[in-house]
Every structure is written in C-alpha cells, then in structure tokens.
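Biologist: Please put the model up. I have some questions about it.

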Amino acid sequence: MSITAADVNKLRQMTGAGMMDCKKALTEANGDFEAAVDILRKAGQKVAAKRADNETNEGVVLVALNADHSNGKLIALACETEPVSKVADFNNLAKTIIDKAAASHAPSAHDLLAEPLADGRSVEGHIIELTGKIGEKITLAAYENVSAEKVVSYIHSNNKIGVLVAFENVQGVDVSEVGKDIAMQITAMKPVALDKDGVDAETIEREIEIGKDQARQEGKPEAMLEKIAVGKLEKFYKESTLLNQQFVKDSSITIRQLLEQTQKGLTISSFKRIALV
C-alpha cells in the first residue's frame with residue numbers, strides 16, 4: 001500500500017522516531033500503526049507512549065474530592081485546539097460536569113453523560129450544543145470515580161493530566177504529602193499497572209515478543225531467546241508497575257518501600273491517571 005507523508009508524520013508525532021525510520025516501519029507494517037510502533041521498538045527505537053488518535057488532545061482535566069477525601073472524581077473534557085480550551089463556555093461546561101460527577105456518583109462515563117443538568121438536559125446534550133456553537137469536536141474523553149480510605153489527587157500545572165491515588169490501612173497517618181509525591185510520580189512515569197499481577201496478558205505477551213526479537217537481532221541463540229525475554233520482562237515490571245518503580249525523589253527505594261516507611265501496612269489499592277496528550 002502507499003504510505004503518505006501524512007502517515008509518516010503521524011507516526012513520528014506518536015513515537016518521536018525519525019522520519020525515515022517511521023516510513024520504513026509503516027512500509028514493513030503495511031500501514032498498520034500499532035504494528036509499526038512495535039517494529040520501531042524491536043529495532044531499539046525510543047518510542048514515546050502517546051495515543052494514535054490525537055484528534056482531541058487539547059482541553060482541561062478537573063478533579064473533585066468529597067469532604068473526608070474518601071472519594072475522588074476526575075474528568076477530561078477534550079477539544080481539538082488550544083484556543084477552544086481557553087474559551088469561557090468550554091471551561092464553564094467542564095466545571096459543571098465535574099460538579100455533577102461529584103454530586104451524582106455516576107459509575108461510568110456513559111452514566112455521567114446521561115445525567116441531567118439544571119435545565120433538565122443531559123451532560124451529553126450540553127456537549128453537543130457547545131460543539132455546534134464552537135464548531136469543533138468536544139468530548140468527555142475520560143472519567144474516573146475512585147473510593148478508598150483516603151484518596152489523594154493531583155492536577156499537573158498544564159491542567160491536562162490528572163491523577164487519583166487510593167490509599168488503604170492509613171491508620172490515622174496524614175498521607176497527603178506522600179500521596180502527592182506518588183501522584184506526581186504516576187504523572188511523570190506513567191505506570192501501566194499497580195503491580196505485576198495487574199499487567200494484562202496481552203501486554204505481557206507483547207513485551208516477551210519484543211524481547212525475543214531484540215535478542216534475536218543481537219545475535220543471541222534461538223534456544224536462549226525465551227529466557228532473555230523473561231529477563232527483559234522483569235525489567236519492564238520494575239519500570240512500568242507503580243509499586244516496583246524506583247521512587248523518583250529517592251532512587252534507593254521503590255514505591256512499595258516508600259509506603260512501608262511512611263506507615264507499616266500502608267497500601268495503595270488503585271490509581272487512575274488521565275491525560276490529554
């Protein structure tokens with residue numbers, strides 16, 4: 001198939017790889033962007049973790065916590081261009097939606113979109129109306145609803161990334177400071193799961209295949225590929241699961257060890273990260 005300059009540029013924006021490398025990967029993958037990303041990774045390219053669909057990568061992320069910080073809500077209201085993200089009507093709607101989320105405890109984005117606002121029309125109806133008024137796509141890109149003994153939130157300075165961290169077994173300890181540190185770590189390091197057992201089978205299989213191909217290209221014997229790939233998988237767990245990551249502010253300890261130092265038995269039951277990127 002024909003690979004266009006726009007296709008090459010799109011893959012370059014997704015991955016940060018060079019133009020010629022992107023063209024070669026897309027050609028080899030017959031235009032399949034997911035496969036092209038894997039080809040770049042197997043070739044040792046440093047690939048940025050950005051979503052392929054960046055039609056609505058501008059907007060705002062907002063958070064709401066209840067009074068005792070046992071529940072947190074995150075929303076991302078997305079649009080196509082930065083100027084629209086600054087428009088008063090857009091930001092007023094985002095504020096209205098997060099307030100409705102806090103009051104309604106909607107369990108999912110689908111349920112939140114169906115919630116009625118003050119005039120009786122749904123959240124989705126208001127989004128559609130504003131889309132028509134402004135003239136570009138607006139969408140509720142993400143919604144998270146987290147409950148725990150204590151929930152700590154963080155919104156990055158650009159208002160495009162938000163994190164919720166759910167703590168259990170707090171035992172009266174103030175976890176706001178350590179919670180912010182961990183939330184900032186999640187913002188920067190983008191863990192894919194809390195621990196090893198939270199990584200889905202598809203991701204594990206993918207990482208093993210990438211590890212095998214890397215070892216194969218390094219000239220390793222075929223009989224050793226599986227063992228080498230499993231070793232690379234352990235490195236992946238250390239880099240990509242929150243509890244096993246090195247603490248950014250003190251690389252001598254992991255996040256798991258940081259929790260234990262803060263309060264014996266303190267645990268994180270879950271975390272949520274949403275981003276407009």
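The questions and answers below cover backbone angles, cysteines and an annotated domain.

Modeller: This is a predicted model, where local features need pLDDT of at least 70, side-chain atom pairs count only at pLDDT 80 or more, and totals for chains, interfaces and linings use all residues. Residues are numbered from 1 along each chain as its sequence is written, and side-chain values use heavy atoms, with hydrogens and water left out.

Biologist: Where is asparagine 30, and is it buried or exposed?

Modeller: Asparagine 30 lies in the loop between helix H2 (19-28) and helix H3 (33-42). Helices are DSSP runs of H or I, at least four residues; strands are runs of E, at least two; both are numbered from the N terminus. Buried means under 20% relative accessible area, exposed over 50%, partly exposed in between (1.4 Å probe, protein chains only). Asparagine 30 has 55% relative accessibility, so it counts as exposed.

Biologist: What is the phi of asparagine 169?

Modeller: Asparagine 169 sits in the loop between strand E5 (161-168) and helix H8 (176-189). At 32% relative accessibility, asparagine 169 is partly exposed. Its phi is positive, though the residue is not glycine: near 60°.

Biologist: How many disulfides are there?

Modeller: Cysteine 22 is buried at 0% relative accessibility. Cysteine 79 is also buried, with a relative accessible area of 0%. A disulfide is a pair of cysteine sulfur atoms within 2.5 Å. By that rule, the count is 0.

Biologist: Over residues 73-275, how far apart are the end C-alpha atoms?

Modeller: An unreviewed UniProt entry annotates residues 73-275 as "domain: Translation elongation factor EFTs/EF1B dimerisation". UniProt positions are given in the numbering used here, feature names are shortened, and annotations may be inferred rather than shown by experiment. The stretch 73-275 is 46% helix and 23% strand. Its end C-alpha atoms are apart by 14 Å.
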